[in-house]
Amino acid sequence: MGDFFSAVSDSNAHPREVQSNRGQVEQSYPHASRVVSERLCCERNFSQVGSALLRPFCYSPKQQVQRLFHPIPVTRPAQQRRSSPSLAPGTSVCISSLPTNLSSDTESYRSEGLIDPHCSLLASTSVVPLSTSFSLGATVESGPSSRSFDPSVGSVSSLPPLSEPHCLVPPVPTLARLPQLSHSVRDILIASHKSSTRKIYLSKWKRFTYWAQGRDIDPFTASIQMVLDFLAELFHAGSSPSTLKVQLAAISNFHVGISESAIMSHKLCKAFLKGVFLLRPPIRNPPSPWDLNLVLASLILSPFEPAASCSLKLLSWKTLFLVAITSARRVSELHALSCRPPYLLFHKDRVSLRTNPSFLPKVASTSNLNQSIDLPVFFPEYSNRSEQKLHWLDVHRQLRYYLDRTKQFRKSDQLFVSYAESRKGLPVSKVSLSRWLTSLITLVYEIRHQKLPNKPKAHSTRALATSIAFQDRLPIDTICAAATWATPHTFISHYKLDLASRHRANFGSTVLKSLFR
């Protein structure tokens, strides 16, 4: 259809942002959009127009139109200042790819959130241009704008933004293969994926869609060969095996499938993932965990003690740290803890914590939902000064001090609330809880005038707690139950730290000591 983007600009009443050569966003204002015309004649092939993700589009294999006429004059009122029976030659028109039988197909599009039921079937101005010279890492020039694909980042840097609420389109393969499903069934299928998963999959799918448009391919029905070609280009551009696996999972969730099965289960895809893993095995840097003994030894000293008179900030940090290290729970679970009975109960020999009933854990299994977190008391009856100091690490004691200090200004049932004056008593976010944990570890090292091996992470409390328990020969089933892991594989593969390296060094020392024999 000729210079598509210039034609669109002429009919658009709003300015659009154009990426300049210097990378800065500039405003470009379209010309006056006045329809003057004689007749509409689409001499050019519509293959010049590519599909736009989640919008009406023109798909050339299905929409071949050589000439389009406007035979009947349209009379308009004089005050509209538009007087012409037909359109001017050369005017570009975007025609929707939606089927003309709207009784069934359009409903399936609407139920998936792909189109707005109140919009016209003419395509919107933000239609993605198709370029036959598109390649990964290259820049596509189309009219006044440029679009780039950065495989190292994993997203298309300048795709047209998705309109709300289309950003949470459900990546459910059944919806593509079974369009006759009712709305109630679709809503349940959509809930099978968390919103975070839907966002990630949609981003990856948009990347594949943009690539497919450059080759005149329908992304929903792309062949297995084209999908593997796309993944191969990402691999040669530097993508890791884990990135490719997530990309393939996203494609599989949107793709209609091959022979009624998900594309990810195809034997060629499985062999491809195995091949990239062997060609580019993941490299993990040796962990340099912070010293838990150093931190615990500092928590029984000033400025963290005495608990009755220390600052509210340090009291909050210490309470959170003790709960995190003795429970080995994720920050999201710590964030969902409640301070109201029966979700927080103090017993003689333990304290029982539970998350808010509305909280959905990362692994939403029956055993993990509303699971009780039982933390034991520590030296409740001490007989000397050393045991008394160890009692200062008791979670039971620390929680009582924390609840007593916060009850006067508490404005939420969430266990951990803000101590900042501007938000005092309000619930804190998960990001804030993570910052509390890392800030406490950093502060301890500063007080002890020692250098941290590396920047601590909040999630490291989970790995360090379970690794120490494993080193002390606690049964692996008990460790997995405390950390809500279904099998030991998760712990061994992702969390187990090598804490026995110091003991293995004794072997070399023993050999060298033979000199003195």
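Of the 517 residues of the chain, 40% count as buried, a class that requires under 20% relative accessible area, with exposed set at over 50% and partly exposed in between (1.4 Å probe, protein chains only). The model is a predicted one, in which local features need pLDDT of at least 70 and side-chain atom pairs count only at pLDDT 80 or more, while totals for chains, interfaces and linings use all residues. Residues are numbered from 1 along each chain as its sequence is written, and side-chain values use heavy atoms, with hydrogens and water left out. The chain holds 18 helices and 8 strands, taken as DSSP runs numbered from the N terminus (H or I of at least four residues for helices, E of at least two for strands). Among contacts with a separation of 6 or more, 61% are between residues 24 or more positions apart, where contact means heavy atoms within 4.5 Å.

**Helix pair α6 and α7**

- Helix α6 (224-236) packs against α7 (residues 241-254) at an angle of about 155°, and their axes are 11 Å apart; axes are lines fitted to C-alpha atoms, for helices over the stretch in contact, and angles run from 0 to 180 degrees between N-to-C directions.
- This angle makes α6 roughly antiparallel to α7, since angles over 145 degrees are classed that way, those under 35 as roughly parallel, those from 65 to 115 as roughly perpendicular, and the rest as oblique.
- The crossing of α6 and α7 is right-handed, the term for a near helix turned clockwise from the far one by less than a right angle, with anticlockwise giving left-handed.
- Val227, Phe230, Leu231, Leu234 and Phe235 of α6 meet Leu244, Gln247, Leu248 and Ile251 of α7.
- By class, this contact of α6 with α7 has 8 nonpolar residues, 1 polar and no charged, where Ala, Val, Leu, Ile, Met, Phe, Trp, Tyr, Cys and Pro are nonpolar, Asp, Glu, Lys and Arg are charged, and the others, Gly among them, are polar.

**Helix pair α9 and α10**

- Helices α9 and α10 pack with their axes 12 Å apart, at an angle of about 140°, and they are therefore oblique to each other.
- The crossing of α9 and α10 is left-handed, and the contact is made by Leu292, Val295, Leu296 and Leu299 of α9 with Lys318, Phe321, Leu322 and Ile325 of α10.
- In the contact of α9 with α10, 7 residues are nonpolar, none is polar and 1 is charged.

- Thr461, Arg462, Ala463, Leu464, Ala465, Thr466, Ser467 and Ala469 of α15 are buried, and the cover over the buried residues of α15 includes α9, α10, α11, α16 (476-482) and α17 (488-495).

**Backbone features in loops and after helices**

- Most residues other than glycine have a negative phi, and most peptide bonds are trans.
- The peptide bond from Glu305 to Pro306 is cis, with omega near 0°, and Pro306 lies in the loop between α9 (292-299) and α10 (312-327).
- Another cis peptide bond joins Pro341 and Pro342, with omega about 5°; Pro342 is placed in the loop between α11 (331-335) and β6 (344-346).
- Asp216 has a positive phi near 60°, lies in the loop between α5 (195-213) and α6, and is partly exposed at a relative accessible area of 37%.
- Phe379 has a positive phi near 50°, lies in the loop between β8 (373-376) and α12 (385-391), and counts as partly exposed at 30% relative accessibility.
- Just after α10, Ala328 takes a positive phi of about 60°, and α15 is followed by Arg473, whose phi is positive, near 65°.

- Pro453 lies in the loop between α14 (430-447) and α15 and counts as partly exposed at 45% relative accessibility.
- Although 163 residues separate Pro453 from Trp290 in sequence, the two are 6.6 Å apart in space, C-alpha to C-alpha.
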